[in-house]
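Let's take a friendly walk through this structure together. Have the sequence and the 3D view at hand as you read.

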Amino acid sequence: MSHDSHHAPVASKLELAPERSDLGLIRPDRTTGWTDWLTTVDHKKIGILYGAFAMFYFLVGGVEALAIRTQLIRPDNDFVTARMYNQLFTMHGTTMIFLGVMPLSAAFFNFLVPLQIGARDVAFPRLNAFSLWTFVFGAFVLNASWLFEFAHLAGWLNGFEWHKHLAFTDFAPANGWFSYAPLSGTYGQNGQALRFTGVGTDFWIIGIQVLGIASLAASFNFICTIINMRAKGMTMMRLPVFTWMTLITAILIILAFPAITVALIELMFDRAFGANFFNPSAGGQPILWQHLFWIFGHPEVYILVLPAMGIVSEILPTFSGKALFGYPIIVFSGAVIGFLGFAVWSHHMFTTGLGPVPTAAFALLTMAIAVPTGVKIFNWLGTIWGGRVRFTPPMVLSLGFIWMFMCGGFSGVMHSSAPADSQQQDSYFVIAHFHYVLLGGVLLGLMAGLYFWFPKIFGRMPNAPLAYIASGMVILGFNLAFGPMHYLGLAGMPRRTHTYHAGNGWETWNYVATIGAYILGAGVFLAFANLAWTAFKGKKCASDPWGGRTLEWSLPSPVPEYNFAQAPIVATRDAYFEDKHGGKRIAYENDGGEAGVHMPSQSWMPLVASTGFLFAGFGMPMMAMGVPHAGWIVITGLGVLILGIWLWAVEGPGGYMLKTPAASGSPAPAETAAH
Amino acid sequence: MFSRFFSRVGLLAAPFLALVMAGCSKADMNVRQSTLDPKGPVAKMQYDVFMDTVWLVVVLFILVGGLLVYAVIKFRARPGDEDAPRIEEGHGNPLVEIGLITASIGALVIIAIPTLSAIWYDDDVPAESIPTSKLSAWYPRLEGAKENYAKVVEEQVLEIDVIGKQWWFRFEYPQLGLTNDAKRSVPNEFVIPKGKAVHINLRSEDVIHSFWIPKIAGKVDLVPGRKNHMWIQGDEVGHYYGQCAEFCGDSHAYMLFRVEVVEPAEFAKWVQRQKADSLPVVAGSKAETGKALFAAKTCMMCHNINGNPQAAGVFAPDLTHVASRKSLAGAWLDNRDPKAQLAKEQETLNTEQSVEIDRDVLKANLKKWIGSSGVATGADGKPTKDVKPGNRMHFYQAFSVSGLNPTFAPLIDAAENALTEAQAAAAKALVDAKGKSPAELATIKKAGDEKVVAATAALKKAREILTPEELDCLAEYLLTLK
């Protein structure tokens with residue numbers, strides 16, 4: 001490898017000599033603009049891209065939600081057809097979970113974890129880029145089903161021979177985010193593989209599968225990063241709580257996603273190749289799908305919630321002027337939630353006829369999981385207690401998070417009682433419950449995080465009055481939309497029904513809920529618009545505007561690409577706060593300076609490899625559509641994937657040395673540190 | 001200026017809760033599918049456990065929420081804090097933590113105990129509800145049992161098989177001989193005697209459905225390839241509403257059903273009626289034409305009508321007593337006068353009260369339902385709207401039994417071909433006519449267009465399987481099936 005040219009330290013990557021590997025492949029280190037963003041391996045840029053895509057899909061999912069609510073605003077409405085409604089709620093759920101909350105959490109993981117542990121990048125920078133692009137293509141495949149659906153509705157596909165032979169013409173998935181077999185699967189014997197749904201389900205299967213690969217790759221990366229890349233002195237019990245929750249979330253993903261991966265492969269084999277895993281007419285077990293799905297699906301809830309809990313656990317101490325109450329208990333309860341999360345999946349299946357003994361066992365375990373969750377709320381309360389609470393947009397949103405999450409937790413306790421749940425299951429009561437947890441909880445937590453760290457990410461401060469108005473609209477609209485659903489559920493309105501008759505007593509509160517949803521939608525849009533504006537045009541601010549406690553606030557804003565000019569040595573928890581106000585200063589290692597910091601080279605290969613998923617993702621549903629030769633698209637995709645990984649392997653380690661300002665100017669704090 | 005306002009943001013929840021409480025009138029509590037108005041022991045037990053959790057949660061909400069509001073207000077930052085000494089960095093208090101964890105566990109035990117007892121109670125008919133052995137000594141095949149069913153029901157647990165299909169429910173009473181095999185099944189509206197425990201077997205023939213009568217019992221799923229069970233009991237006479245609660249495809253929202261709780265003596269009469277055949281139609285009436293159409297348009301391939309030997313299908317709902325049911329099309333279409341029904345509910349403050357069937361509404365519903373999926377045209381000349389998208393009522397084109405359906409399937413194919421040919425011919429004529437004068441071109445184009453229009457009209461006619469008159473006759477026939 002002709003890699004030597006890079007070993008001379010440079011002040012900027014644009015000064016690098018062009019580098020070619022023996023295969024003639026170029027590492028695009030010296031690029032700017034589009035190429036730079038497409039080939040970046042910088043965890044901060046990847047985090048920003050994750051965040052941008054996540055916010056975009058939040059809006060997509062939000063539009064789907066508003067269409068759902070518009071349909072339900074009055075009885076016997078026909079704003080959308082039954083099938084379109086089913087597609088909307090399927091895509092709303094899938095989008096919000098897999099393309100909204102998870103990638104937005106991933107944005108925080110990417111941006112913050114290396115900064116919080118005092119590292120200069122994640123353990124595997126190219127794998128990180130691979131996760132990002134795999135997510136992007138998986139999300140695109142899933143949403144491309146809408147493009148096919150609209151093309152079908154517009155009649156553009158009518159001319160194709162294969163289109164005339166389709167028994168079902170739902171191109172966007174209409175099987176629910178849970179995709180229960182056999183509705184999503186097959187029936188019939190002798191490998192007939194007759195179906196209840198069209199190719200939308202095939203889009204859904206391959207889309208979720210690809211997204212799972214992205215999540216798994218990212219999780220391995222973050223576990224390795226957190227375990228191995230911590231700065232000196234950053235022991236596990238000194239980790240910021242957000243990093244702890246990231247670690248637990250990553251472990252949950254690694255343990256939970258294999259279950260859904262297996263289930264999706266089985267379902268795909270059922271549909272595409274006439275296997276009979278879930279086919280009841282050939283002896284398959286539809287209930288197996290539910291077990292596999294929920295042993296993924298329940299930990300998934302904690303995958304969504306724990307990062308938001310971590311964010312709130314960072315914000316509350318900052319604005320209470322006081323250390324987190326019960327740090328070890330918060331960390332431990334997070335771990336207990338993660339562990340117990342794998343022991344409660346069947347509470348989603350209380351009505352499937354499990355029998356009294358398993359029902360009782362899962363009811364008790366579900367009650368048990370309320371204990372560590374309650375402990376977190378008590379400790380947040382303890383953090384505020386005796387502090388000096390400063391009201392800022394992130395703090396207001398965090399307090400909103402605690403309130404809404406608490407309400408969601410309370411209705412969760414109601415579900416844990418299986419007999420009560422048999423009335424609530426699949427009713428609007430459940431919708432109210434999990435939106436209080438996932439929207440009132442997670443979305444408020446993530447929004448709090450955005451407002452909290454945006455000054456660090458872009459060096460610009462979001463407009464506070466606008467942030468308050470948006471937060472107020474979100475909280476008000478949210479309660480107006482989902483509060484009444486508790487009643488609707490108890491009044492017997494089942495979920496996933498595209499319409500209802502007048503006379504059931506559901507008219508008033510559905511109307512109120514829809515109005516609330518519009519307010520909520522406007523609030524979220526305003527909040528995101530404020531943030532987007534801030535990213536480009538916001539007022540510049542200091543590097544530590546909030547009086548932060550953890551290492552990332554010790555860095556300039558925006559953070560330089562090497563993060564730490566000199567690697568920090570940490571002596572305590574809340575290291576930066578102690579450094580500012582306490583006795584224990586942050587020390588710095590004597591590295592960087594003229595000798596430079598070793599930076600990873602950028603690469604095209606993660607992008608190339610994940611493009612393979614784009615081909616495979618389109619090929620599988622097109623095969624199901626009966627498009628001629630579509631199987632070759634899948635094989636091409638797998639070929640591109642393998643080629644990309646192979647070239648990735650042989651393009652060489654790369655890397656270059658970047659000079660940092662540390663040695664050239666101000667005295668290094670390392671010498672002044674009390675050691 | 002906003003911070004003061006939003007420091008109270010948490011307080012929003014309190015007036016909201018008060019608003020909800022104030023809105024809880026009796027009318028809100030006993031709506032048709034309310035779970036808060038139990039009318040049977042199973043739903044009652046579930047309601048009681050639910051209320052246990054509600055009280056626990058209300059207490060916790062006031063405690064924790066109150067503390068949170070207090071803390072946020074009490075410990076808010078005040079001017080001058082900047083100069084105050086820094087707060088001591090503490091990291092928690094083990095005694096407080098252990099105390100709170102213990103208290104949480106204690107609170108959960110309070111709801112765990114009623115939960116456990118209710119799980120077993122709800123699972124199957126409790127022993128005290130079965131006066132004698134559950135072994136079906138009086139199974140209908142046994143001597144004398146058939147004639148004695150009233151006494152038998154009196155003494156024993158009634159069993160009902162519920163079979164879910166996309167998108168309707170079929171009910172069978174195996175002990176009473178009301179089964180699909182005996183061509184006596186009961187679709188969508190079933191009847192149970194008041195105060196009697198009923199054991200229900202749940203099965204599905206396609207996808208997963210869920211059986212839910214909120215006022216009588218919480219839901220249990222119908223899973224294909226499995227047999228689930230539950231038990232129900234209605235303690236008050238009335239007309240109850242149920243709905244499929246598991247997403248089961250396009251028309252999931254239309255998969256409703258009803259249950260009528262009646263006095264035991266009434267129940268015996270109902271069973272007798274179910275076993276009776278339909279009455280013969282009056283010769284020369286519209287109904288007689290309708291009966292012939294029922295065969296000619298292949299309705300009888302799927303539907304069974306006792307008393308009409310031609311109609312012996314097993315796939316679709318039994319229509320022997322279709323005109324005696326208060327609902328149609330998976331209970332989506334209500335055969336009662338909606339205004340009268342609403343008035344009765346408001347007058348009695350009881351949604352289980354029901355008015356009788358309105359013949360006009362029923363006939364309109366029949367026409368709407370049979371004519372759906374575009375097989376007939378409405379008053380505006382357009383194909384009638386789908387009542388239940390994806391339903392299988394008009395799958396009869398799949399039956400190509402020679403001699404049975406000589407009318408439409410091949411005709412539609414032929415008409416489709418004719419239209420395609422007319423379009424192709426018109427296009428070809430235009431291409432061939434290249435270079436001719438504009439006047440000639442216009443004539444050729446007009447001729448081609450006319451042919452296409454004619455072919456389109458022919459196709460429309462072929463697709464219109466039922467003319468308005470035929471639809472009317474068919475509805476008249478079904479109206480005689482009481």
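Predicted model: local features only at pLDDT ≥ 70, side-chain atom pairs only at ≥ 80, totals over all residues.

Residues are numbered from 1 along each chain as its sequence is written, chains are lettered from A and ligands numbered from 1 in the order in which they are written, and side-chain values use heavy atoms, with hydrogens and water left out.

Let's begin where chain A meets chain B. Chain A brings 108 residues to the contact and chain B brings 94 residues (contact means heavy atoms within 4.5 Å). About 8500 Å² is buried between the two chains, and carbon and sulfur atoms give 70% of that area; buried area is the accessible area (1.4 Å probe) that two parts lose on being put together, summed over both. Of the area that chain A buries against chain B, Arg388(A), Trp403(A) and Gln423(A) supply 9%, more than any other three residues.

Polar links cross this interface too. The rule finds 21 residue pairs in polar contact between chain A and chain B, both residues at pLDDT 80 or more (a pair of N or O atoms within 3.5 Å; within protein, one must be able to donate a hydrogen and the other to accept it, and residues adjacent in sequence count only if both atoms are side-chain atoms). On the chain A side, α10(A) gives the largest share of the residues that touch chain B, with 15 residues (helices are DSSP runs of H or I, at least four residues, and strands are runs of E, at least two, numbered from the N terminus).

Now look inside chain A, at α11(A) and α14(A). Their axes come within 10 Å and cross at roughly 10°, with axes being lines fitted to C-alpha atoms, for helices over the stretch in contact, and angles running from 0 to 180 degrees between N-to-C directions. That makes α11(A) roughly parallel to α14(A) (angles under 35 degrees). Among the residues making the contact are Leu397(A) and Met404(A) of α11(A) and Tyr468(A) and Phe478(A) of α14(A).

Finally, the whole structure holds 41 salt bridges over all chains (a side-chain nitrogen of Lys or Arg within 4 Å of a carboxyl oxygen of Asp or Glu). In one of them, the side chains of Lys232(A) and Glu589(A) meet at 3.1 Å, N to O. Lys232(A) lies in the loop between α6 and α7 of chain A and Glu589(A) in the loop between β6 and β7 of chain A, so this pair ties together parts that are 357 residues apart in sequence. Between chain A and chain B the count is two salt bridges, and Glu246(B) and Arg496(A) meet in a salt bridge at 3.9 Å, N to O.

Conventions
Parallel < 35°, antiparallel > 145°, perpendicular 65-115°, else oblique.
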